[in-house]
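Let's go through a few labels together and check each one against its definition. Have a look at the model first.

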Amino acid sequence: MKNWKFKMASTILGSALILGACGNGSDEGATNEEAGTEVEEGATEAGTAGDSGSSEEEALSGSVTGDGSSTVAPILEGIVEEYAGAQPDVQVTVGISGTGGGFEKFIQGETDFSNASRPIKDEEAASLEEAGIDYTEFLLAYDGLTVVVSQENDWVEDLTVEQLKEIWVEDGTRENWSDLNPEWPDEEIIFYAPGTDSGTYDYFNEVILEDEDMVSTATLSEDDNVLVQGIQADPNAIGFFGYAYYVANQDTLKAVKIGGVEPNADTIESGDYTPLSRPLFTYANNARVAEDESVYNFMEYILNNAGEMAEQVGYVALPQEEYDAGLEKLEALKQ
């Protein structure tokens with residue numbers, strides 16, 4: 001499997017990234033390296049030269065469609081590209097309209113699976129039931145929602161949960177760094193945050209904001225790379241997103257400790273990085289898995305490769321028994 005950790009930042013660009021594994025094996029001279037990617041307007045092209053497929057696996061053709069979390073996207077981007085080597089005639093497209101946006105498409109029956117950086121909400125589950133769509137939740141990896149500042153910020157090293165809430169909750173006043181510590185610059189804090197359709201926004205809202213309004217001056221974007229670039233460019237900026245985006249940009253970003261705990265693989269897996277450690281998910285349409293062999297095969301491929309790919313891009317793999325349990329749930333959908 002390729003090393004994806006540092007490739008991720010340059011390939012996941014744009015708010016409508018489409019990841020495709022599309023083969024053209026019927027064309028003379030076509031190879032996996034030549035297999036193209038369907039790219040819509042505003043999307044970037046992901047390579048499709050996978051090398052981890054089995055030559056003994058039954059060749060399939062068809063299409064698989066997913067959408068959802070930008071946090072989960074790095075895992076899926078790598079898996080989609082590797083999957084092209086195993087099944088070059090199966091076209092896979094994965095959008096990144098955020099966890100909430102992904103569930104909206106899932107409820108409408110537009111996608112076979114939906115990636116999420118938070119558990120499904122009760123109202124989303126109710127809408128799926130009303131639409132007659134049965135689904136199964138699969139765990140993919142662990143993430144640590146990472147609070148970051150620019151490397152040029154030489155004063156912030158550690159913040160408490162209470163300080164995070166103090167600066168991120170809208171109170172009608174301008175927040176300066178000196179409000180937190182009089183020894184820090186008397187400069188306005190510039191905020192960057194995931195958009196309101198993002199599961200990362202929802203999670204931060206739940207554990208930090210506690211359902212109070214976020215500061216109104218924050219720049220919001222469903223594309224985490226927009227947040228990365230904004231924070232990189234401004235020493236007075238602060239923001240948050242999935243741990244993998246920090247890992248891919250740690251030369252220009254600095255992770256802020258929360259309550260004295262640094263986000264890393266060990267503290268995220270152990271839960272010591274609290275309350276910002278969280279699981280990542282994908283949700284599958286049961287009927288599509290049962291009826292379409294290409295959908296089943298791709299979901300199986302996800303579960304067989306999610307742990308290794310998660311670690312490649314900077315997240316934390318689950319214990320193997322969690323993936324085994326997911327594969328058992330998937331197999332049961334075919335029966």
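Q: Which residues line the largest pocket?
A: Happy to list them: Ser-117, Arg-118, Pro-119, Lys-121, Asp-202, Tyr-203, Glu-206, Arg-278 and Pro-279. Please keep in mind that this is a predicted model, where local features need pLDDT of at least 70, side-chain atom pairs count only at pLDDT 80 or more, and totals for chains, interfaces and linings use all residues. Residues are numbered from 1 along each chain as its sequence is written, and side-chain values use heavy atoms, with hydrogens and water left out.

Q: What makes a residue part of the lining of a pocket?
A: A lining residue has an atom within 4 Å of a point of the pocket, which is an open set on a 1 Å grid over the protein atoms alone, where a 1.4 Å probe fits, with protein on both sides within 12 Å along at least five of seven lines. About 170 Å³ of space lies in the largest pocket, the volume being the space filled by probe spheres set on the points, which are joined across faces, edges and corners.

Q: Which element gives the largest share of that lining?
A: That is H7, with three residues. H7 and S12 each supply at least two; helices (H or I, at least four residues) and strands (E, at least two) are DSSP runs, numbered from the N terminus.

Q: Why is the contact between Arg-118 and Asp-202 called a salt bridge?
A: The term asks for a side-chain nitrogen of Lys or Arg within 4 Å of a carboxyl oxygen of Asp or Glu. Arg-118 and Asp-202 meet at 2.6 Å, N to O, so the pair qualifies.

Q: How do you know whether Arg-278 is buried or exposed?
A: Buried means under 20% relative accessible area, exposed over 50%, and partly exposed in between (1.4 Å probe, protein chains only). Arg-278 has 2% relative accessibility, so it counts as buried. Its salt-bridge partner Asp-143, at 0%, is buried too.

Q: Why is Lys-165 called partly exposed?
A: Its relative accessibility is 22%, so Lys-165 falls in the middle class. Glu-210, which meets Lys-165 in a salt bridge (2.5 Å, N to O), has 49% and is therefore partly exposed as well.
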